[in-house]
Amino acid sequence: QVQLVESGGGLVQAGGSLRLSCAASGRTFSSYPMGWFRQAPGKEREFVAAISRSDGYTYYTDSVKGRFTISKDNAKNMVDLQMNSLKPEDTAVYYCAAKNPTSISRYYIPRSRNEYDYWGQGTQVTVSS
């Protein structure tokens, strides 16, 4: 079982930056690929970024490429999302997620919401124009 707790959300002006953090419990955190999703009011939860369980392979949705960076610190059981050049359309609740690594490659990067097994409670990010 993995428990995830997000932090770092808040209110920022357009063009600003925020760093989201996700603290994970569990002794086998290093074996889990991790992802960040977001959900804006009235919209479905969408994929933002993900990182493989080892070697740091990453994948981003097109709208955040070049602005967001996902990173994983297995020693600290943390996964972060650095968000730069924020836009009002980035406003959403951001969720951290973990996928059970059973039978997947160490390089695999899950991108679908349905692939993830564990979710945090979310943290609000609001970008004002």
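**Entry 1: the overall layout.** I started by reading along the sequence, and the pattern came out as β-β-β-β-β-β-β-β-β-β-β. I keep in mind that this is a predicted model. My tally for the chain is eleven strands and zero helices.

**Entry 2: dimensions.** I looked up the extent of the C-alpha trace, and along its principal axes it spans about 45 × 25 × 25 Å. Next came the radius of gyration, which is 14 Å for the chain; a compact globule with 129 residues would have one near 14 Å, so the two agree.

Entry 3: How much of the chain is buried? I found that 43% of the 129 residues count as buried. The chain exposes about 6600 Å², and carbon and sulfur atoms supply 45% of that. I also checked the contacts with a separation of 6 or more: residues 24 or more positions apart account for 62% of them.

Entry 4: I picked out an open sheet of four strands, and its order is 1-3-8-7 with antiparallel pairing. Which strands stand at the edges? They are strand 1 (4-7) and strand 7 (68-73); each has a single partner strand, so one side of each has no neighbour in the sheet. From one strand to the next, the twist averages 15°.

I then zoomed in on one pair. Strand 1 and strand 3 (residues 18-24) run antiparallel and are joined by four bridges. Within this part I noted Ser-7, which stands opposite Ser-21 in strand 3. A reminder to myself: strands of a sheet pair through backbone hydrogen bonds, either parallel or antiparallel.

**Entry 5: Thr-123.** This residue lies in strand 11, which covers residues 123-128. Is Thr-123 buried or exposed? Its relative accessibility is 11%, so Thr-123 counts as buried, as the cut-off for that is under 20%. I followed the side chain of Thr-123 and found that it reaches the backbone nitrogen of Gly-9 at 3.2 Å. Leaving out residues up to four places away in sequence, Thr-123 touches several others, including Ser-7, Gly-8, Gly-9, Leu-20 and Tyr-94.

**Entry 6: Arg-38.** I found Arg-38 in strand 4 (residues 34-39). I looked up its accessibility next: at 6%, Arg-38 counts as buried. Which side chains make polar contacts with Arg-38? One is that of Asp-90, at 2.9 Å. Another is that of Ser-63, at 3.4 Å. Not counting residues up to four places away in sequence, Arg-38 also touches others, among them Glu-44, Arg-45, Val-48, Phe-68 and Tyr-94.

**Entry 7: Arg-111.** My last stop was a loop: Arg-111 sits between strand 9 (92-98) and strand 10 (118-119). Its relative accessible area is 43%, so I wrote Arg-111 down as partly exposed. What does Arg-111 touch, not counting residues up to four places away in sequence? I listed Phe-37, Phe-47 and Tyr-59. I also looked up how Arg-111 lies relative to Val-48: the two are 63 residues apart in sequence and 8.5 Å apart in space, C-alpha to C-alpha. Val-48 was already in my notes as a contact of Arg-38.

Note on methods: Residues are numbered from 1 along each chain as its sequence is written. This is a predicted model: local features need pLDDT of at least 70, side-chain atom pairs count only at pLDDT 80 or more; totals for chains, interfaces and linings use all residues. Side-chain values use heavy atoms; hydrogens and water are left out. Helices (H or I, at least four residues) and strands (E, at least two) are DSSP runs, numbered from the N terminus. Buried means under 20% relative accessible area, exposed over 50%, partly exposed in between (1.4 Å probe, protein chains only). Contact means heavy atoms within 4.5 Å. A polar contact is a pair of N or O atoms within 3.5 Å; within protein, one must be able to donate a hydrogen and the other to accept it, and residues adjacent in sequence count only if both atoms are side-chain atoms. Two strands pair if DSSP finds at least two bridges between them. Axes are lines fitted to C-alpha atoms, for helices over the stretch in contact, and angles run from 0 to 180 degrees between N-to-C directions. The radius of gyration is taken over C-alpha atoms; the globule rule is 2.2 Å times the number of residues to the power 0.38. Accessible areas come from the Shrake-Rupley method with a 1.4 Å probe; for residues, only the protein chains shown count as cover.
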